[in-house]
Amino acid sequence: MTTNKDIVLAFSGGLDTSFCVPWLKERGWAVHTVFADTGGVDAQERAYIEQRAAELGVASHVTIDGGPALWRDFVKPFVWAGEAYQGQYPLLVSDRYLIVDASLERARALGTRAIAHGCTGMGNDQVRFDLAVKAQGDCEIIAPIREIQKEHTQTRAYEQQFLEQRGFGVRAKQKAYTINENLLGLTMSGGEIDRWLAPGEGAQGWCKPRAQWPEAPLRVRVGFERGEAVALDGERLAGAMLLARLNALFAAYGVGRGIYTGDTTIGLKGRIIFEAPGLIALLAAHRALEEAVLTKQQNRFKPDVARKWIELVYEGFFHDPLKTDLEAFLASSQSCVEGEVVLETHGGNVAAVEIRSTRILNAKGATYAQSADWGVAEAEGFIKLYGMSSTLWAEVNADRRA
């Protein structure tokens with residue numbers, strides 16, 4: 001156990017991490033908060049988080065710009081992979097790994113090995129935080145929410161009461177839902193969502209409801225180089241800025257919102273609302289381009305690699321060597337994924353309606369179901385040889401088909 005009483009707390013200003021500050025202070029810790037701004041808050045919210053830390057009496061507070069690292073270390077390989085966890089969830093809380101990095105850097109600067117987080121003992125984030133910390137050094141990990149769960153079953157109610165008894169207010173929305181926002185999107189749990197009921201009016205994030213969608217459709221053009229999105233409507237942008245713009249554009253049309261029940265790492269069923277307008281749009285554009293420029297065998301094999309990469313990241317193995325190995329394959333597969341894709345939405349869904357690339361695998365003299373530069377005899381011969389095994393089985397075993 002560390003003898004230094006400085007502890008670094010990954011801080012978001014929400015109910016859980018707000019509770020952690022006085023809880024840790026009452027146990028003798030000097031609490032140093034770190035907010036890794038991974039793109040999910042505006043200037044007003046960022047100021048609120050800093051104010052909240054000061055109000056709670058932290059020893060120091062720093063805010064880190066995590067957008068560039070999140071794009072480089074997660075968004076790029078995630079889009080290359082092109083898959084979602086259990087076919088639905090786009091790993092929106094993967095910023096946790098970048099938050100750990102920022103917290104460890106701050107701990108090194110303070111000369112302490114004590115790290116704290118606000119994860120519960122029921123969810124996946126505790127696994128992601130703890131494994132990411134353990135993979136990068138010998139640190140003491142303190143999780144106040146897990147500690148209070150040893151004695152209290154209704155933890156959110158207890159946290160709220162704990163804060164209010166000490167004169168700290170709690171936001172109304174935090175009383176009903178657990179909300180996570182970052183550059184990747186938004187997740188929401190708690191309340192009626194946890195009870196498998198229809199979400200209430202308050203369970204609305206970035207995505208506009210149907211009644212507020214614009215009447216005119218939206219069209220945007222995304223440019224790619226080596227599988228990475230680098231331009232929007234012809235303007236070159238840094239990755240984090242590009243994704244932020246896609247979020248704003250497609251959220252207005254309700255794109256990327258879903259309700260999902262998943263198998264968590266620890267075995268529980270987890271139900272959340274998620275909203276990822278920009279990421280869903282980016283995945284649609286990348287997949288359309290990739291399908292046109294990769295070979296048949298690449299397109300068939302790559303999803304197997306992608307699903308394993310998704311599994312590792314979801315379950316906390318962000319620093320496992322296998323993840324690095326898989327990313328080497330994914331990066332190699334992107335060498336010819338370049339061009340532009342036009343996305344269109346009328347609301348709710350997004351489609352890739354145009355693909356422009358010099359790398360599309362077109363046969364100059366043939367078009368699917370329209371024309372060919374081979375003869376009928378060649379087509380018939382191909383079919384005969386291609387189906388030889390099945391045809392022979394049918395002939396040899398004709399007596400078994402009665």
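Which residue in E3 is the bridge partner of Asp37? To get there, start with the ground rules. This is a predicted model, with local features needing pLDDT of at least 70 and side-chain atom pairs counting only at pLDDT 80 or more, while totals for chains, interfaces and linings use all residues. Numbering runs from 1 along each chain as its sequence is written, and side-chain values use heavy atoms, leaving out hydrogens and water.

Now the sheet. Five strands make up an open sheet, ordered E3-E2-E1-E4-E5, with parallel pairing. Strands here are DSSP runs of E with at least two residues, helices are runs of H or I with at least four, and both are numbered from the N terminus; two strands pair if DSSP finds at least two bridges between them. Strand E3 (60-65) and strand E5 (140-142) sit at the edges with a single partner strand each, so one side of each has no neighbour in the sheet. From one strand to the next, the twist averages 25 degrees (angles run from 0 to 180 degrees between N-to-C directions, with axes fitted to C-alpha atoms, for helices over the stretch in contact).

Strand E2 (residues 30-37) is joined to E3 by six bridges, and the two run parallel. Asp37 has Asp65 as its bridge partner in E3. Helix H1 (residues 15-25) packs on this sheet, touching strand E1 (6-10), E2, strand E4 (114-116) and E5, where contact means heavy atoms within 4.5 Å. The direction of H1 makes about 170 degrees with that of E1.

Then there's a helix pair: helix H3 (residues 67-81) packs with helix H10 (residues 239-251) at about 90 degrees, their axes 8 Å apart. Gly67, Pro68, Trp71 and Val75 of H3 meet Gly239, Ala240 and Leu243 of H10.
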